[in-house]
Amino acid sequence: MFRLFSEIPKCLDSVSNIFKQHVTAEGTALVKQAEDAASNKKVFVRKVIELHDKYLAYVNDCFQNHTLFHKSLKEAFKVFCNKGVAGSLSAELLATFCDNILKKGGSEKLSDEAIEETLEKVVIEETLEKVVKLLAYISGKDLFAEFYRKKLACRLLFVNRANDDRERSILTKLKQQCGGQFTSKMEGMVTDLTLARENQTSFEEYLSNNSNANPGIDLTVTVLTTGFWPSYKSFDLNLPAEMVKCVEVFREFYQTKSKHRKLTWIYYSLGTCNLLGKFESRNTELIVTTYQASALLLFNSSDRLSYSEIMTQLNLTDDDVVRLLHSLSCAKYKILNKEPNTKNISPTDHFEFNSKFTYKMRRIKIPLPPVDEKKKVIEDVDKDRQYAIDASIVRIMKSWKVLGQQQLVLECVEQLGHMFKPDFTAIKKRIEDLITRDYLERDKTNPNMYRTNLHPKTTIESNQTLEPSPTKTLFVATTHQRLLSGDSSVTSPHRPLLFSNISSSTTVLFSSPLWRLLLIYPLLSGDCSMTSPPRRPLLFGDISSSTTVLFSNFDCSLLLFSLATSSVVCTVYVPLSC
């Protein structure tokens with residue numbers, strides 16, 4: 001049939017269109033089937049992979065690998081692969097599918113009937129290869145990346161048998177498909193775990209050599225780089241005395257290795273603790289979070305505590321105390337007795353240690369109630385998209401100087417299409433925002449025409465009064481413009497910021513990889529060693545969240561670039577007597 005129609009001019013266009021409609025209809029039917037039954041949502045990705053294998057074989061064999069049919073297959077899959085399935089996004093389902101494969105050693109247990117067949121026909125590498133091919137059809141690749149990063153963090157931190165080689169294998173495939181920027185944070189996460197193991201070995205040697213520093217508790221600390229890992233909820237938890245000593249010991253050890261890095265302890269989301277519960281029947285080992293352990297240890301000194309007393313002693317919010325106490329008194333394992341004995345937690349409740357608790361297992365894990373982070377992930381991705389649109393508009397306007405609104409929107413869509421499909425309304429809103437921030441300006445005669453308001457050259461005269469640094473320590477805010485700490489409030493600048501009078505006591509901490517800096521007459525310590533001031537200004541790009549810049553011996557000036565500004569070629573002329 002194909003050979004027959006291929007002899008007729010332009011006849012293959014109609015055949016490929018019919019092929020596209022047929023594939024689209026079958027894929028749409030899979031989406032509808034998954035929406036009708038909740039259990040079908042779990043097998044949706046596997047069925048889409050099977051559908052893709054089926055019609056890809058048709059294109060390669062029956063249609064002789066013709067480019068026209070490859071295009072039709074791609075367009076058909078883009079139609080139904082970007083539809084929501086029973087309230088879940090396709091990017092989320094794809095990330096969950098990868099998580100199940102990597103977490104369960106390749107036996108993606110989609111259904112009892114499919115386990116044996118999956119194990120026989122599909123090996124891990126082949127399955128991951130097919131998942132990456134499907135990712136090409138997903139328009140929201142940045143959503144997939146964020147969902148995947150969340151699940152990768154859980155695998156690396158909580159799955160005992162996380163396979164680093166397997167994780168690196170799929171990251172290599174994703175890097176080939178989507179580029180190095182797509183996987184840079186994920187690769188950093190895997191590297192962090194490797195470094196954490198080496199760090200833990202050094203910590204154990206430190207304790208063995210300093211018997212007085214040993215806290216008497218087995219302590220394992222995983223140091224994570226802020227810029228690589230997802231953001232986690234953190235509070236100033238009032239730790240028990242036993243844990244406070246552990247924190248102090250590790251802080252002293254870490255300062256011997258890195259004096260200029262700040263440790264932020266994430267107890268709420270990631271910390272775990274093994275407690276020995278001494279019940280009347282027998283002792284039972286309890287695997288709990290740090291928050292749960294802190295609450296249980298309160299009952300070593302008190303027989304009975306009220307809701308308000310627990311909240312005050314732990315320094316937690318109401319929502320966190322409710323989740324915490326519910327997991328210990330109302331869930332499957334009732335370690336605490338609650339009065340009154342109801343299934344809900346109220347501020348008038350009182351709690352006692354349940355000494356009569358018994359369970360057939362000698363070791364139990366008590367989880368906290370799960371929190372749906374889907375909404376937060378989507379909000380974070382939306383914010384990142386705003387910054388990406390801003391940067392794209394600035395790059396385009398820098399290149400064109402003057403551009404009409406329609407052409408600017410189309411150029412922006414083309415630049416960002418490889419990661420997500422920006423909405424026209426969102427682009428127009430970002431244009432208006434850039435106008436208010438003096439990046440762009442409207443043409444006075446034609447309101448639909450925009451001009452760049454960026455200055456490619458900034459000249460600093462020797463007699464010009466420079467902006468003084470408000471404090472000797474500058475803390476640069478994160479991507480979301482949240483101040484880390486300190487007295488100096490420096491958010492993402494609309495234009496490059498110049499700070500003068502920087503002395504040897506100045507330290508600059510970066511909390512986001514979205515910064516570039518120009519150092520004028522510095523002497524850096526650390527990996528970059530210079531014994532004398534450079535003759536020219538030095539530009540350092542792609543600053544990571546682990547970067548710390550130290551100044552010594554020579555006074556200098558510092559110029560900070562935000563992400564949008566760093567896309568502009570900015571030349572700075574500085575007098576030699578700076």
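Strands β1 (residues 272-278) and β2 pair in the antiparallel sense through seven bridges; two strands count as paired if DSSP finds at least two bridges between them. The model is a predicted one, in which local features need pLDDT of at least 70 and side-chain atom pairs count only at pLDDT 80 or more, while totals for chains, interfaces and linings use all residues. Residues are numbered from 1 along each chain as its sequence is written, and side-chain values use heavy atoms, with hydrogens and water left out. Helices (H or I, at least four residues) and strands (E, at least two) are DSSP runs numbered from the N terminus.

- β1 and β2 form a hairpin, with four residues between them.
- Within this pair, G277 stands opposite T284 in β2.
- β2 also pairs with strand β6 (residues 363-365), in parallel, over three bridges.
- The bridge partner of E285 in β6 is R363.
- Strand β2 (residues 283-289) is mostly covered, as five of its seven residues are buried; buried means under 20% relative accessible area, exposed over 50%, and partly exposed in between (1.4 Å probe, protein chains only).

**The sheet β7-β9-β8**

- Three strands form an open sheet in the order β7-β9-β8, with antiparallel pairing.
- Its edge strands are β7 (402-404) and β8 (440-442), each of which pairs on one side only.
- Neighbouring strands of this sheet are turned by 30 degrees against each other on average, direction ignored; axes are lines fitted to C-alpha atoms, for helices over the stretch in contact, and angles run from 0 to 180 degrees between N-to-C directions.
- β8 is joined by three bridges to strand β9 (residues 449-452), and the two run antiparallel.
- R442 stands opposite Y450 in β9.
- Helix α17 (residues 374-400) packs on the sheet and touches β7, β8 and β9, where contact means heavy atoms within 4.5 Å. The direction of α17 makes about 120 degrees with that of β7.
- Helix α19 (residues 424-436) also packs on the sheet, touching β8 and β9, and its direction makes about 100 degrees with that of β8.

**Nonpolar cores**

- The largest nonpolar core has 77 residues, and those with the most contacts inside it are F77, Y148 and I393. Such a core is a set of buried Ala, Val, Leu, Ile, Met, Phe, Trp, Tyr and Cys residues joined through side-chain atoms within 4.5 Å.
- Not counting residues up to four places away in sequence, F77 touches V23, V48, L51, H52, L134 and Y137.
- A second, separate core of 44 residues includes A213, L237, L275 and A295.
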